[in-house]
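Here is a short briefing to read alongside your structure.

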Amino acid sequence: MTTTGQGMFRLDEEQKQAVSVDELLRQSNYNFQSCFYEDSYYNLWIGTYGNGLICYIPATKEVRVFKYPALNDNNIAAIIEDKQGNLFVGTQKKGLSCYNRKENCFTPVPYMGNNVLSVYCMSLVDGQLLVGTDVCLLYVVGRWTTFGRHRWAGVEKV
């Protein structure tokens with residue numbers, strides 16, 4: 001959770017208390033967070049405005065930073081994990097990327113149209129990944145099949 005002026009915290013369920021992650025942000029020199037997400041491996045993903053994505057792995061206290069060109073864009077708008085454990089990151093101007101845990105890298109999810117497509121939000125509904133963009137609401141299907149203009153290969157318009 002984030003606060004206005006009081007920093008960022010994560011809930012430690014074992015200790016039943018909020019634990020500050022401000023030191024992590026100071027360590028990484030990031031002041032402006034846009035979103036955050038705790039994945040099924042308990043890793044904390046923090047999206048920033050202009051400075052890419054931070055992954056904090058509490059088990060090892062490791063910090064990983066992903067910036068352009070490792071990501072499509074350094075302005076992160078949304079982060080979500082689907083039921084299969086695929087982590088998706090949406091950016092403000094360059095679409096959607098999917099994290100490859102084995103290779104520790106992101107793969108752009110291809111879409112038809114120009115390179116400027118803003119992701120505003122993402123949600124899982126009945127197991128389907130819904131992606132809110134500046135063009136329309138899309139949902140991810142299968143493994144990247146091709147659909148019309150301004151659609152990711154692998155998504156359909158809702």
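S97 sits in strand β9, which spans residues 96–100; strands here are DSSP runs of E with at least two residues, numbered from the N terminus. This is a predicted model, in which local features need pLDDT of at least 70, side-chain atom pairs count only at pLDDT 80 or more, and totals for chains, interfaces and linings use all residues. Residues are numbered from 1 along each chain as its sequence is written, and side-chain values use heavy atoms, leaving out hydrogens and water.

**Around S97**
- S97 counts as buried because its relative accessibility is 1% (buried means under 20% relative accessible area, exposed over 50%, partly exposed in between, with a 1.4 Å probe and protein chains only).
- The S97 side chain makes a polar contact with the side chain of N72 at 3.3 Å; such a contact is a pair of N or O atoms within 3.5 Å, where within protein one must be able to donate a hydrogen and the other to accept it, and residues adjacent in sequence count only if both atoms are side-chain atoms.
- Not counting residues up to four places away in sequence, S97 touches N72, L87, F88, V89, F106, T107, P108 and V109 (contact means heavy atoms within 4.5 Å).

**Aromatic rings**
- Rings of Phe, Tyr and Trp (its six-membered ring) pair if their centres lie within 6.5 Å, with planes under 30 degrees apart called stacked, over 60 edge-to-face and the rest tilted.
- By this rule there are six aromatic pairs.
- W45 and F66 form a stacked pair, with 6.0 Å centre to centre and 25° between the planes.
- This pair links distant parts of the chain, as W45 is in strand β4 (residues 44–48) and F66 is in strand β6 (residues 62–66), 21 residues apart.
- W45 and F66 are both buried.
- W45 and Y99 are edge-to-face, because their ring centres are 5.0 Å apart and their planes are at 70°.
- With W45 in strand β4 and Y99 in strand β9, the pair ties together parts that are 54 residues apart in sequence.
- Ring pairs join W45, F66, Y99 and F106 into a cluster.

**Nonpolar cores**
- A nonpolar core is a set of buried Ala, Val, Leu, Ile, Met, Phe, Trp, Tyr and Cys residues joined through side-chain atoms within 4.5 Å.
- The largest core has 13 residues, and W45, L53, F66, I76, I79 and F106 have the most contacts inside it.
- β5 (53–57), β7 (76–81) and β8 (87–91) each supply at least two residues of this core.
- The largest share, three residues, comes from β5.
- A second, separate core of 10 residues includes A78, C98, V119 and V131.

Terms used. Helix = DSSP H or I, 4+ residues; strand = E, 2+ residues; numbered from the N terminus.
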